Amino acid sequence: MLFPALDELFTLLAPGDRAANAFTPSTLARLRAIKRACDPRGTFRSNFPVLG
């Protein structure tokens, strides 16, 4: 683990929130394009999904 002292994930989203609540529409569109290009099979699925 890169930072063993950080044992939980930090996010500004509350449980039940969506990634769309945390980013501007243009930033979310860019993140979605990156996700589709780099992970088309949905291998990485932790944290808050940006595709839905």
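A residue counts as buried when its relative accessible area is under 20%. By that cut-off, 13% of the 52 residues of this protein are buried. The model is predicted. The protein has one helix and zero strands. It also holds one salt bridge, which links aspartate 39 to lysine 35.

**Overall picture**

- The accessible surface of the protein comes to about 4700 Å².
- Carbon and sulfur atoms account for 62% of that surface.
- The helix, α1, spans residues 25–38.
- Phenylalanine 23 sits in the segment before α1.

**The salt bridge**

- Side chains of opposite charge can pair when their charged atoms come close.
- In the pair formed by aspartate 39 and lysine 35, the closest N and O atoms are 2.4 Å apart.

**Lysine 35**

- Lysine 35 has a relative accessible area of 18%. Buried means under 20%, so lysine 35 counts as buried.
- Setting aside neighbours within four places in sequence, lysine 35 is in contact with Pro40, Gly42, Phe44, Val50 and Leu51.

**Aspartate 39**

- Aspartate 39 has a relative accessibility of 7% and therefore counts as buried.
- A polar atom of the aspartate 39 side chain lies 2.8 Å from the backbone nitrogen of threonine 43.
- Not counting residues up to four places away in sequence, aspartate 39 touches Ile34 and Phe44.

**Isoleucine 34**

- Isoleucine 34 and valine 50 are 16 residues apart in sequence. Their C-alpha atoms are 10.0 Å apart in space.

**Phenylalanine 23**

- Phenylalanine 23 is partly exposed because its relative accessible area is 35%.
- Leu28 and Leu31 are in contact with phenylalanine 23, leaving aside its neighbours within four places in sequence.
- Phenylalanine 23 and valine 50 are 27 residues apart in sequence. From C-alpha to C-alpha, they are 9.8 Å apart.

**Proline 49**

- Exposed means over 50% relative accessible area. Proline 49 has 54%, so it is exposed.
- Proline 49 and arginine 18 are 31 residues apart along the chain. Their C-alpha atoms are separated by 7.5 Å.

**What to look for in the structure**

- Start with the salt bridge between aspartate 39 and lysine 35.
- Then find threonine 43, whose backbone nitrogen lies 2.8 Å from a polar side-chain atom of aspartate 39.

How values were computed:
Residues are numbered from 1 along each chain as its sequence is written. This is a predicted model: local features need pLDDT of at least 70, side-chain atom pairs count only at pLDDT 80 or more; totals for chains, interfaces and linings use all residues. Side-chain values use heavy atoms; hydrogens and water are left out. A salt bridge is a side-chain nitrogen of Lys or Arg within 4 Å of a carboxyl oxygen of Asp or Glu. Helices (H or I, at least four residues) and strands (E, at least two) are DSSP runs, numbered from the N terminus. Buried means under 20% relative accessible area, exposed over 50%, partly exposed in between (1.4 Å probe, protein chains only). Contact means heavy atoms within 4.5 Å. Accessible areas come from the Shrake-Rupley method with a 1.4 Å probe; for residues, only the protein chains shown count as cover. A polar contact is a pair of N or O atoms within 3.5 Å; within protein, one must be able to donate a hydrogen and the other to accept it, and residues adjacent in sequence count only if both atoms are side-chain atoms.
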